Amino acid sequence: MGVSRSLAERLATRLGPLGDGPFTRLDRLLSTVTPNPKRKRIDLALGEPRGTFPAFVARVVEERMAEWGRYPALRGSVEFREAVVAYLRRRYRLPAGLLHAERNVVGLSGSREGLFLIAQVVVPPLHAVTTPPVVLLPNPYYVAYAGAAVGTNAEPVFVSATPNTGNLPDYASLPADVLARTALCYLCTPSNPQGSVAGAAYLEQLLRLARAHGFVLAVDECYGEIYSGQAPVGALEVAAPTGSLDNLVVFHSLSKRSSVPGLRSGFVAGDEKIISAFVRFRAYAAPTVPGPILAASAALWADDEHVAETRAAYNDKFDVAERVLGNRFGFRRPPGTFFLWLDVGNGEDAARRLWAEAALRVMPGAYLSHGEGAANPGHAHVRVALVDDLATTTDAVERIVATLGAPDARAILH
Ligand SMILES: Cc1ncc(COP(=O)(O)O)c(C=O)c1O
């Protein structure tokens, strides 16, 4: 049949085992393991917030029922985009006039689709260039970035983000010929899974690099409201003093900020030229966000109170993690996100043991990172998403220590 190879096949060829995606691989890893029947099962592998969300979401959706009967606006309603601009100005102290609801914002059906589809717009097709384009992505990475790179036939260049580099990718140290071929660069801050936060100086340098080499900088700020201590700086905030948003787009989501991953609501904001090309592209097939969802989303972006409560709840869970884990498994409280990123020696072995002995499901770090064996920067880690309630979290963290923390357990794993 004259059908071109599917993205899944190309992912498998280009990314090896990673092509299957982390959750398929985890299912496979644990398929031959029986979880301890004496323990209640806890699943902290998926970063799906299970906290409460404001009751007004249901109320607004109900009030705006009539809009189920209309096709939604391609960019999202004006009400939604104005709420987004007001939020960004408030959160990142942006000057008036930097962002316009009309030109700089597009609503997304969750940020993942936007993070994936943006590559289709900004990466040139192979026939249009003399050398293959590059997409830069951090390693470990969020799966949509890799899918996006491979989906365009670009060359994905994975840049390690480990303690040696402050858990951020050192893009500035890449060879000049790689930077010259770069069409798109992803950065996640606060980062999934390590929880690292890019400071203003890092972002300034990366934005300068993007402008010098003419690539698009896509900053994934989905976890921008989940932090301990100082609120993370945003890329728009860093761009503001330059007086322009050239080369920059940022992605935000209500999934983590407001604990509504099922609402499927996010946005992309930034450079008017990129946004306008993205809108033209989306006119053909990309999802639009339904009117009642946009109305509820506008109400959520306008409210910071529930966000402060959500953040406080995550901080309580990190207090427990700090108390129970101490500095075991290289743990340090991350400045952002809701993940524990634990050095357990061998993440796959630890995930199997935690499921077998403690009925606790966690994600091996190797499934979130590129590279074979020990060359994979996530090889030694597991990621634990603190998305359940405080009592379950406490139970889970205690199970980790009881299962892996005993001196002989570490010896077995190494
Ligand atoms: C780093 C990162 N970016 C983006 C997303 C996508 O979130 P959503 O599509 O729900 O907005 C996730 C979800 O887990 C994520 O971890």
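This report describes the predicted model of a protein chain, from its overall form to single residues.

Residues are numbered from 1 along each chain as its sequence is written. Because the model is predicted, local features need pLDDT of at least 70 and side-chain atom pairs count only at pLDDT 80 or more, while totals for chains, interfaces and linings use all residues.

**Overall form**

The protein chain has 16 helices and 12 strands. Helices (H or I, at least four residues) and strands (E, at least two) are DSSP runs, numbered from the N terminus. The radius of gyration of the protein chain is 21 Å, close to the 22 Å of the globule rule for 414 residues, so the chain is as compact as a globular protein of that length. That radius is taken over C-alpha atoms, and the rule is 2.2 Å times the number of residues to the power 0.38. The C-alpha trace spans about 60 × 55 × 50 Å along its principal axes.

Of the 414 residues, 49% count as buried. A residue is buried if 20 or more other C-beta atoms lie within 10 Å of its own, exposed if 12 or fewer, and partly exposed in between, with C-beta atoms placed from the backbone. Among contacts with a separation of 6 or more, 76% are between residues 24 or more positions apart; two residues are in contact if their C-beta atoms, placed from the backbone, lie within 7 Å.

**Strands and sheets**

Strand 2 (residues 105-108) pairs with strand 8 (residues 266-270) in the antiparallel sense over four bridges. Two strands pair if DSSP finds at least two bridges between them. G107 stands opposite F267 of strand 8. In strand 2, V105 and G107 point one way, V106 and L108 point the other way, and all are buried.

An open sheet of three strands has the order 9-12-11, with antiparallel pairing. Strand 9 (339-343) and strand 11 (363-364) are at the edges with a single partner strand each, so one side of each has no neighbour in the sheet. Strand 9 and strand 12 (residues 381-385) are joined by five bridges, and W341 has R383 in strand 12 as its bridge partner.

**Around the ligand**

The ligand is surrounded by 14 residues, of which the closest are G110, S111, R112, S253 and S255. A residue is near a molecule or strand if its C-beta atom, placed from the backbone, lies within 6 Å of it. Helix 5 (residues 111-122) gives the largest share of this shell, three residues.

**Single residues**

I293 lies in helix 12 (residues 291-301). It counts as buried, with 26 C-beta neighbours inside 10 Å. Leaving aside neighbours within four places in sequence, I293 is in contact with L263 and S265.

| Cis peptide bond | Omega |
|---|---|
| N139 to P140 | near 5 degrees |
| N192 to P193 | about 15 degrees |

P140 is in the loop between strand 3 (134-139) and helix 6 (143-151). P193 is in the loop between strand 5 (182-188) and helix 8 (200-213).

R93 is not a glycine, yet has a positive phi of about 50 degrees. R93 is exposed, with 11 other C-beta atoms within 10 Å, and is found in the loop between helix 4 (78-92) and strand 2. R264 also has a positive phi, near 55 degrees. R264 is buried, with 20 other C-beta atoms within 10 Å, in the loop between helix 10 (254-257) and strand 8.
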